[in-house]
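Visitor: Could you take me through one part of this model, slowly and up close? I would like to see how it is placed and what its side chains do.

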Amino acid sequence: MIFAFICGVICILFGFVQYGKYSENKGKSSISKIFIPILVGLGLIGIKLIPIPFFKESKTIEDEEVRIILLGGPGAGKGTQAKFLAEKYNIPAISTGDILREVAKQDTEIGKKVKETMESGNLVSDDIIVELLKKRIAQEDGKSGYLLDGFPRKLSQAEALRKEGIEIDYVIDIQVDDDVIVERLGGRRIHASSGRTYHVKNNPPKVPGVDDITGEPLTQRADDQEETIRNRLRIYHENTAPLVDYYQDASRKGGENSPKYKKIDSSNNIELVKESIFNFIDFSD
Ligand code: AMP
């Protein structure tokens, strides 16, 4: 496009040069030598300035604002896929679990309340989480889109999104069997200060119980105990069933602002899951 613009400017200049020659020896130079380059020049500049669909520069999905919700029970692999998506579409992956874990560290009334709720595996109240999320999305990096991991968790939160005018383009529902999740989360071990994660069977540290890099002890998240996991799964299924219906319905009806919904089986390997998600986003328009 910029090439067309430059050629247009050159043609116009050429027309003016011809005009100069024409004025010097009137009659000998043809007047068409002036108007043709000027008209061609204006035409070429017009291609650059007028948004003619045929000439429009092709825009890829990576240039657009992409707003995604990742649904999926605890341990479904949302965090891993969130990282891939954030990188590809250059958007922040916003995990409400992470935001709340930070709040839970604070020695405040709200910090204590959040910590207690999280350790029991129950859901933090909507008013607290909606306020925190609104603040996070309003940050500079949220202007190019965002990925919500762990929000909404129930119908009232999806409705809060709509009320707040927080738009969503894609809802990706990552599904795995409960027993697979219990096995995945129950074996998860974390190096608290770096966030490095291990799995006692699938990704064990070199020495059991200690971090490979620092040699410091690994810990288990309080909410990764089997009993708590089962409770989190029960809560997840109870709350998300209506949420899934809500987004499936909206997607089926279509309409300008309704998000597109897709269910993805995450018992496949990580790369295959990633490919299915990318294909859905890139080719669903
Ligand atoms: P996660 O890391 O997403 O598994 O979240 C850990 C815990 O944070 C959950 O068990 C809930 O107690 C709390 N939590 C995270 N997201 C939400 C949410 N959208 N609504 C309410 N509580 C949440």
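Guide: Let's begin with Y247, which counts as buried because its relative accessibility is 4%; buried means under 20% relative accessible area, exposed over 50%, and partly exposed in between (1.4 Å probe, protein chains only). Please keep in mind that this is a predicted model, where local features need pLDDT of at least 70 and side-chain atom pairs count only at pLDDT 80 or more, while totals for chains, interfaces and linings use all residues. Residues are numbered from 1 along each chain as its sequence is written, and side-chain values use heavy atoms, leaving out hydrogens and water.

Y247 is one of the buried residues of helix 9, which also include T228, I229, Y236, N239 and T240. Helices here are DSSP runs (H or I, at least four residues), as are strands (E, at least two), numbered from the N terminus. The buried residues of helix 9 pack against several elements, among them strand 1 (66-71), helix 5 (109-120), helix 8 (178-186) and strand 7 (260-265), with contact meaning heavy atoms within 4.5 Å.

Now for its course. Helix 9 has 28 residues (226-253) and should span 40 Å at 1.5 Å a residue; its end C-alpha atoms are 39 Å apart, which agrees. The expected span is 1.5 Å times one less than the number of residues. At T240, shortly before the proline P242, helix 9 has a kink of about 35°; the bend is the angle between axes fitted to the seven residues ending there and the seven starting there. Just after helix 9, G254 takes a positive phi of about 75°.

Rings of Phe, Tyr and Trp (its six-membered ring) pair if their centres lie within 6.5 Å; planes under 30 degrees apart count as stacked, over 60 as edge-to-face and the rest as tilted. By this rule there are three aromatic pairs. One of them joins Y89 and F278 edge-to-face, 6.1 Å centre to centre with 85° between the planes. Y89 lies in helix 3 (residues 78-89) and F278 in helix 10 (residues 270-283), so this pair ties together parts that are 189 residues apart in sequence. Y89 and F278 are both buried. Y247 pairs with Y246, also edge-to-face, at 5.0 Å centre to centre and 80° between the planes.
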